[in-house]
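Work through the exercises below with the sequence and the structure at hand. Try each task before reading its solution.

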Amino acid sequence: MATRFLTLIAFLLAVALAPLPALAQDDFAAQLNGLGPGSFADRTKAMDVLVATGDERVPPVLQALSDGNLYIRESDGKVVIATKAAGGLAVTDPVDGADLGVLPSGELEKIKTNNGLRGKIRTAIGKLTLLSPDQPTRLSAAQSVLKNADPAMLELLDQAISAEADAGIKSTMQMARAVIVLKTDASLEDKRAAVDLVVAQNNRAAQTVLRNTLDTAPDELKPTIQTGIDSIGRTLAVWDVGQNLLYGLSLSSVLLLAAIGLAITFGVMGVINMAHGEMVMLGAYTTYVTQLVIQSVAPGLMEYSLAFAVPAAFLFTALVGVGIERGIIRWLYGRPLETLLATWGLSLVLQQLVRTIFGPTNKLVQPPQWMSGTFELWNLSFTWNRLWIIVFAIAVFIALQIILNRTPLGLQMRAVTQNRRMASAMGIRTPFVDAMTFGLGSGIAGMAGVALSQIDNVSPNLGQGYIIDSFMVVVFGGVGNLWGTLIGALSLGVANKFLEPYAGAVLAKIAILILIILFIQRRPRGLFALKGRAIES
């Protein structure tokens with residue numbers, strides 16, 4: 001009997017509670033539909049009702065309202081989220097996220113907002129997210145409050161700060177609170193404490209906050225704020241040196257990749273190859289074609305497209321380089337002016353060929369996720385793609401050192417560089433070494449194009465921007481010396497980035513060129529001149 005009684009009670013409870021979720025959903029939908037009709041004041045009251053529920057679905061709705069994406073469906077008065085789509089507006093149900101299809105814009109009426117309502121929306125979203133159990137949501141909310149600095153958020157911020165356990169989020173909240181205090185009529189002691197907290201951040205954002213506060217601050221507080229601005233400025237000046245050094249290393253890695261192949265061909269063969277920049281350009285276009293093939297054959301491998309593009313670019317440009325050496329260069333040895341003119345004409349032909357095949361417009365090479373975005377270290381900011389290019393340049397340099405010092409081809413290349421006639425007399429096939437050297441240099445230029453496709457526009461003129469800088473690096477470091485090329489790239493890249501803030505990009509390049517000309521007058525063979533009888537004669 002007792003078992004039957006308990007079963008009956010359980011059944012009645014199940015029947016009674018089953019409609020509750022649907023009822024709650026209906027209640028939420030009814031409260032949501034209250035945002036549509038009436039004046040801005042009515043809309044504010046309806047928004048307050050929604051915020052009071054604490055429902056996690058409310059922030060996206062309010063954000064859609066602030067962004068102008070909240071509409072009323074005229075057929076039944078239902079409030080929906082709509083975004084632009086082909087043929088009209090793509091409609092989504094804000095209650096359950098269901099796709100309601102695409103409707104003509106004439107069947108929907110946008111729910112309007114004004115500046116006052118948008119400010120209240122930001123405050124409401126902050127209230128719903130600052131105390132969220134989700135850590136990224138709280139961090140985003142704290143950053144939003146810091147950006148808007150709404151005094152209405154002060155009480156909620158105090159509550160969130162006392163409950164926050166994450167040090168990074170808490171620091172952002174405290175910074176937001178200090179900014180808000182500086183905007184209010186708080187006591188002088190509270191404002192002084194807020195200034196001290198902002199100064200303790202010791203970054204550019206803190207300096208901006210203090211500068212924006214200086215004009216409206218009480219006279220008693222202005223010396224403290226100015227002292228804080230000056231203190232942060234001195235710190236940032238030191239960090240700016242480090243930032244310029246990072247930028248210089250980034251430029252140096254690009255110059256090293258572009259010049260290292262030229263250093264080999266120029267050093268071994270004595271050929272002034274004006275088409276070297278086009279090898280870089282061909283490498284970049286090989287990356288573009290590789291991504292097109294992967295996207296059509298195996299889209300899942302797009303994240304690893306560079307792993308396929310690097311060897312493909314090396315092989316393709318190396319073969320093109322061998323073809324150029326066998327077809328053109330080998331007939332012009334000992335005639336540097338004619339070689340220069342022939343390779344310059346070849347560069348124009350290659351550019352026009354690429355324009356004919358791919359068109360004159362820039363091509364988009366999609367960077368992988370692991371090369372996207374920016375990371376910050378203290379007050380330094382750097383992009384992931386440039387960091388990986390630095391790593392790639394170092395890897396190419398080490399690989400080339402191994403080839404030159406640990407392989408038979410490298411030994412023959414060094415022998416031909418130092419004394420071509422003696423190397424030939426010892427049985428080394430100098431024509432074969434010349435072809436392989438030109439192919440190796442061109443292949444490395446192709447790999448440089450893969451790297452440059454991640455930070456520069458892929459266009460027929462890509463290589464022209466690096467050919468002069470590459471020659472300067474090679475001549476400055478010492479023709480045919482890889483360590484000289486490395487030092488030359490580092491010196492020119494860092495010097496260029498340190499001069500740019502003071503002289504501008506163009507004048508900085510001119511100054512570097514003048515310094516190199518003066519240096520070459522004193523040391524015609526560069527920093528590290530190669531040794532050898534033929535060279536010295």
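**Exercise 1.** Determine whether R326 is buried, partly exposed or exposed, and do likewise for its salt-bridge partner E325.

*Solution.* Step 1: R326 has a relative accessibility of 31%. Step 2: buried means under 20% relative accessible area, exposed means over 50%, and partly exposed lies in between (1.4 Å probe, protein chains only). Step 3: R326 therefore counts as partly exposed. Step 4: E325 has a relative accessible area of 0%, so E325 is buried. Step 5: the closest N and O atoms of the R326 and E325 salt bridge are 2.7 Å apart.

The model is predicted: local features need pLDDT of at least 70, side-chain atom pairs count only at pLDDT 80 or more, and totals for chains, interfaces and linings use all residues. Residues are numbered from 1 along each chain as its sequence is written, and side-chain values use heavy atoms, with hydrogens and water left out.

**Exercise 2.** State how many salt bridges a search of the whole structure finds, and describe the one between R177 and D158.

*Solution.* Step 1: a salt bridge needs a side-chain nitrogen of Lys or Arg within 4 Å of a carboxyl oxygen of Asp or Glu. Step 2: the search finds 6 of them. Step 3: in one, the side chains of R177 and D158 meet at 2.4 Å, N to O. Step 4: R177 belongs to helix α8 and D158 to helix α7 (residues 154-163), so this pair ties together parts 19 residues apart in sequence. Helices here are DSSP runs (H or I, at least four residues), numbered from the N terminus. Step 5: R177, at 31%, is partly exposed, and D158, at 32%, is partly exposed.

**Exercise 3.** Describe how helices α15 and α18 are arranged and which residues meet.

*Solution.* Step 1: the axes of α15 (residues 384-406) and α18 (residues 430-452) come within 11 Å and cross at roughly 165°. Axes are lines fitted to C-alpha atoms over the stretch in contact, with angles from 0 to 180 degrees between N-to-C directions. Step 2: angles over 145 degrees count as roughly antiparallel, and α15 and α18 are therefore roughly antiparallel to each other. Step 3: I389, F392, V396, L400 and I403 of α15 are in contact (heavy atoms within 4.5 Å) with L440, I444, M447 and A451 of α18. Step 4: by class, this contact has 9 nonpolar, no polar and no charged residues. Ala, Val, Leu, Ile, Met, Phe, Trp, Tyr, Cys and Pro count as nonpolar, Asp, Glu, Lys and Arg as charged, and the others, Gly among them, as polar.

Conventions
Helices (H or I, at least four residues) and strands (E, at least two) are DSSP runs, numbered from the N terminus. Angles under 35 degrees count as roughly parallel, over 145 as roughly antiparallel, 65 to 115 as roughly perpendicular and the rest as oblique.
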